[in-house]
Amino acid sequence: LRTAVIIVAAGSGERLGQGIPKAQVILGSEPMLNHALRGVLATEVAEQICVVLPRGDTELRAQLAGFDAGTGVRITAVDGGSTRADSVRNALEVLAGIDVVLVHDAARALAPVEVFHRVLNALESGAKAVIPVIPVVDTIKVAVHSEEPGIAPEQVRSTPAREQLRAVQTPQGFELATLLKAHQASAMFTDAQAAAITDDAMLVESQGIPVYLVRGSELSLKITTPHDLLFAEALLEGPAA
Ligand code: CTP
Ligand code: MG
């Protein structure tokens with residue numbers, strides 16, 4: 001299958017709180033995007049990589065040139081949109097001659113190559129949509145506004161059975177035509193509907209297409225908060241000698 005990888009790296013990194021786009025934040029000794037890109041290149045599955053960068057960025061764009069030179073893989077950059085889904089759509093527009101696409105968060109900078117291969121294997125077996133997941137360790141509650149705000153702002157509505165729940169990661173893999181169609185359908189969403197789209201699989205699910213689950217990895221954590229960054233630094237260093 002002719003494969004492209006989209007790396008979405010256009011977020012602002014609000015919750016990390018460094019005042020720079022998250023993909024520029026240094027992990028170990030390099031920007032997070034470099035780790036993500038090196039991880040994707042190590043999979044050797046992509047003939048095309050499209051990186052979605054913050055609009056107006058010049059620094060990350062300059063870094064990409066170094067990667068492009070060494071590898072023979074076509075690496076392109078496009079500007080991000082105001083939501084993650086907009087960013088993915090901008091990248092989908094520039095893919096050509098591709099059968100399947102893997103959409104990956106730059107923020108999951110340490111995702112292991114095996115996960116990419118598991119996703120691609122399922123696509124090769126005929127899936128139109130595949131996502132990597134891990135079991136949920138915490139009990140998860142559905143919260144609603146409380147009947148007694150003087151006590152607490154929220155109360156429990158229900159408790160989904162934990163053994164049925166999965167935490168979802170990237171790379172998420174799709175037949176290109178399927179993902180394009182799902183994104184086109186979402187173009188007429190209201191702002192509220194658009195804001196509720198947190199991954200690509202949701203869009204494909206709403207088209208009634210089965211989304212298959214493969215095993216993700218604890219290493220694919222989404223670096224979101226300063227705590228996550230500390231943890232990722234520790235993972236990079238490996239176990240203390
Ligand atoms: N992303 C993107 N375009 C957007 C929003 C997010 O490409 N408009 C990307 C981010 O760069 C990241 C991934 O989607 O790799 C997941 O988003 P998230 O972890 O929320 O990153 P940020 O939006 O940068 O972080 P925050 O929400 O804290 O600002
Ligand atoms: Mg965000």
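Which residue stands opposite Gly-173 in strand 11? Val-130 does, and the views below build up from there.

This is a predicted model, where local features need pLDDT of at least 70, side-chain atom pairs count only at pLDDT 80 or more, and totals for chains, interfaces and linings use all residues. Residues are numbered from 1 along each chain as its sequence is written, and chains are lettered from A and ligands numbered from 1 in the order in which they are written.

View 1. Strand 11 covers residues 172–175 (strands are DSSP runs of E, at least two residues, numbered from the N terminus). Gln-172 and Phe-174 point one way, while Gly-173 and Glu-175 go the other. All four are buried (20 or more other C-beta atoms within 10 Å of the residue's own, with C-beta atoms placed from the backbone).

**View 2. Strand 11 and its partners.** Strand 6 (residues 100–105) pairs with strand 11 in the antiparallel sense, over 4 bridges; pairing takes at least two DSSP bridges between the strands. Here Val-100 has Glu-175 as its bridge partner. Strand 7 (residues 129–135) is also antiparallel to strand 11, over 2 bridges.

View 3. Ligand 1 has 22 residues around it, each with its backbone-placed C-beta atom within 6 Å. Val-8, Ala-10, Gly-11, Glu-14 and Arg-15 come nearest. The shell splits into 7 nonpolar, 9 polar and 6 charged residues (nonpolar: Ala, Val, Leu, Ile, Met, Phe, Trp, Tyr, Cys and Pro; charged: Asp, Glu, Lys and Arg; polar: the others, Gly among them).

Note on methods. A residue is buried if 20 or more other C-beta atoms lie within 10 Å of its own, exposed if 12 or fewer, and partly exposed in between; C-beta atoms are placed from the backbone.
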